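Subject: Structure for you to look at

Hello,

Here is the structure I said I would pass on. Please open it and keep it in view while you read the notes below.

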Amino acid sequence: MRTWLIQLRNDSGLTQTEVAAKASISQNYYSCIEKYGRTPTISVAKRIAAVLGFDWTKLYESGD
């Protein structure tokens, strides 16, 4: 589980559905990235990072 990503989303006041829509992905795909640590494609990582305001490479770091 990527607790840092969940916290960042919550701090932004966005739901999973809203982040997914802004990143042009399904809510289910976003949920898998957030809750199960699924590794997104680079283009998806960049879009999520743009929505939430973090460095997209953080999604490729090991650990939480």
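Which residues of α1 are buried? They are Trp4, Leu5, Ile6 and Arg9. Please keep in mind that this is a predicted model. The buried residues of α1 pack against α2, α3 (27–36) and α4 (42–52).

An α-helix has 3.6 residues a turn, so residues three or four places apart point the same way.

Next, the pair α1 and α3. Their axes are 7 Å apart, and the two helices pack at an angle of about 125°. Angles of 65 to 115 degrees count as roughly perpendicular and those over 145 as roughly antiparallel, so α1 and α3 are oblique to each other. From α1, the residues Leu5, Ile6 and Arg9 meet Tyr30, Ile33 and Glu34 of α3. By type, the residues of this contact divide into 4 nonpolar, no polar and 2 charged.

Then the core. The largest nonpolar core has 17 residues. Those with the most contacts inside it include Leu5 and Phe54, along with Ile25, Tyr30, Ile33, Ile48 and Leu52. Two or more residues each come from α1, α2, α3 and α4, and α4 gives the largest share, 5 residues. In soluble globular proteins, nonpolar side chains tend to be buried together.

Not counting residues up to four places away in sequence, Phe54 touches Trp4, Leu5, Leu8, Ile48, Ala49 and Leu59. Trp4 and Leu5 are also among the buried residues of α1.

Now the stretch after α1. The helix is followed by Gly13, which has a positive phi, near 75°. Leu14 sits in the loop between α1 (3–11) and α2 (16–22). Is Leu14 buried or exposed? Leu14 counts as buried because its relative accessibility is 16%, and the cut-off for buried is under 20%. If neighbours within four places in sequence are left aside, Leu14 is in contact with Arg9, Val19, Lys22, Val51 and Leu52. Leu14 and Leu52 are 38 residues apart along the chain, and their C-alpha atoms are separated by 9.1 Å.

Last, Ser43, which lies in helix α4. Ser43 has a relative accessible area of 41%, so this residue is partly exposed. Ser43 and Ala23 are 20 residues apart along the chain, with 9.6 Å between their C-alpha atoms.

Regards

Methods
Residues are numbered from 1 along each chain as its sequence is written. This is a predicted model: local features need pLDDT of at least 70, side-chain atom pairs count only at pLDDT 80 or more; totals for chains, interfaces and linings use all residues. Side-chain values use heavy atoms; hydrogens and water are left out. Helices (H or I, at least four residues) and strands (E, at least two) are DSSP runs, numbered from the N terminus. Buried means under 20% relative accessible area, exposed over 50%, partly exposed in between (1.4 Å probe, protein chains only). Contact means heavy atoms within 4.5 Å. Axes are lines fitted to C-alpha atoms, for helices over the stretch in contact, and angles run from 0 to 180 degrees between N-to-C directions. Angles under 35 degrees count as roughly parallel, over 145 as roughly antiparallel, 65 to 115 as roughly perpendicular and the rest as oblique. Ala, Val, Leu, Ile, Met, Phe, Trp, Tyr, Cys and Pro count as nonpolar, Asp, Glu, Lys and Arg as charged, and the others, Gly among them, as polar. A nonpolar core is a set of buried Ala, Val, Leu, Ile, Met, Phe, Trp, Tyr and Cys residues joined through side-chain atoms within 4.5 Å.
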